[in-house]
Amino acid sequence: MPLFAVTRAYSATFDPAKPLEQADWTAAFMDTLEAEDFVRLAGPLAGAGEALIVVRAESADGVERRLAADPWTANGILVTRRIAERTLRIGEVV
């Protein structure tokens with residue numbers, strides 16, 4: 001199954017002065033995606049105002065549909081900027 005790199009930007013509702021765990025943040029959604037082997041790695045990009053998520057999915061549309069259920073998508077904190085299929089040349093995403 002293809003790998004996709006997803007960049008998601010924090011909106012103006014996100015307060016960088018507060019801890020990452022804000023605005024009704026819950027790890028349950030992302031933990032579920034990881035348990036399902038959809039999310040392979042995820043986390044904020046230091047100083048970028050963005051998060052990077054690497055996922056395995058059939059298509060970019062499938063990625064977008066899955067992330068639409070993210071509570072931070074619903075409340076407008078994260079906005080998907082780019083979904084790009086990746087060919088891994090060095091290393092591995094298990």
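**Note on the predicted fold**

1. Leaving aside its neighbours within four places in sequence, Gly-76 is in contact with Ser-11 and Thr-13. Contact here means heavy atoms within 4.5 Å. Gly-76 lies in the loop between α3 and β4. Helices (H or I, at least four residues) and strands (E, at least two) are DSSP runs, numbered from the N terminus. Gly-76 has 27% relative accessibility, so it counts as partly exposed. The cut-offs are these: buried is under 20% relative accessible area, exposed is over 50%, and partly exposed is in between, with a 1.4 Å probe and protein chains only. Gly-76 and Ala-12 are 64 residues apart in sequence, yet 8.9 Å apart in space, C-alpha to C-alpha.

2. A word on the basis. This is a predicted model, in which local features need pLDDT of at least 70 and side-chain atom pairs count only at pLDDT 80 or more, while totals for chains, interfaces and linings use all residues. Residues are numbered from 1 along each chain as its sequence is written, and side-chain values use heavy atoms, with hydrogens and water left out.

3. How confident is the predictor in the protein chain? The average pLDDT is 86, and 90% of the residues score at least 70. pLDDT is the predictor's confidence in each residue, from 0 to 100. Confidence in the protein chain is lowest in helix α3 (residues 71-74), with a mean of 84. It is highest in α2, at 95.

4. Now the sheet. It is open and has four strands, in the order β2-β3-β1-β4, with antiparallel pairing. β2 (39-45) and β4 (78-86) are at the edges with a single partner strand each, so one side of each has no neighbour in the sheet. From one strand to the next, the twist averages 15°. Two strands pair if DSSP finds at least two bridges between them.

5. β1 (residues 3-10) and β3 (residues 50-56) pair in the antiparallel sense, over seven bridges. Thr-7 has Leu-52 in β3 as its bridge partner. Helix α2 (residues 60-68) packs on the sheet and touches β1, β3 and β4. The direction of α2 makes about 45° with that of β1. Axes are lines fitted to C-alpha atoms, for helices over the stretch in contact; angles run from 0 to 180 degrees between N-to-C directions.

6. β2 and β3 run antiparallel, joined by six bridges. They form a hairpin with four residues between them. Gly-47, in the turn, has a positive phi of about 70°. Pro-44 has Ala-51 in β3 as its bridge partner. For Leu-45, the partner in β3 is Glu-50.

7. Arg-86 lies in strand β4. At 48% relative accessibility, Arg-86 is partly exposed. Beyond its neighbours within four places in sequence, Arg-86 is in contact with Leu-3, Phe-4 and Ala-5. Leu-3 and Arg-86 are 83 residues apart in sequence, but 5.4 Å apart C-alpha to C-alpha.

8. Look next at the rings. The structure holds three aromatic pairs. Tyr-10 and Phe-14 have ring centres 4.2 Å apart and planes at 20°, so this pair is stacked. Both of these residues are buried. Tyr-10 and Trp-72 form an edge-to-face pair, 6.4 Å centre to centre, with 70° between the planes. This pair links distant parts of the chain: Tyr-10 is in strand β1 and Trp-72 in helix α3, 62 residues apart. Rings of Phe, Tyr and Trp (its six-membered ring) pair if their centres lie within 6.5 Å; planes under 30 degrees apart count as stacked, over 60 as edge-to-face and the rest as tilted.

9. Ring pairs link Tyr-10, Phe-14 and Trp-72 into a cluster. Tyr-10 has 17% relative accessibility, so it counts as buried. Trp-72 is also buried, with a relative accessible area of 5%.

10. Where does the charged end of Arg-66 sit? It sits over the ring of Phe-38, 4.5 Å from the ring centre. The criterion is NZ of Lys or CZ of Arg within 6 Å of the ring centre and within 35 degrees of the ring normal.
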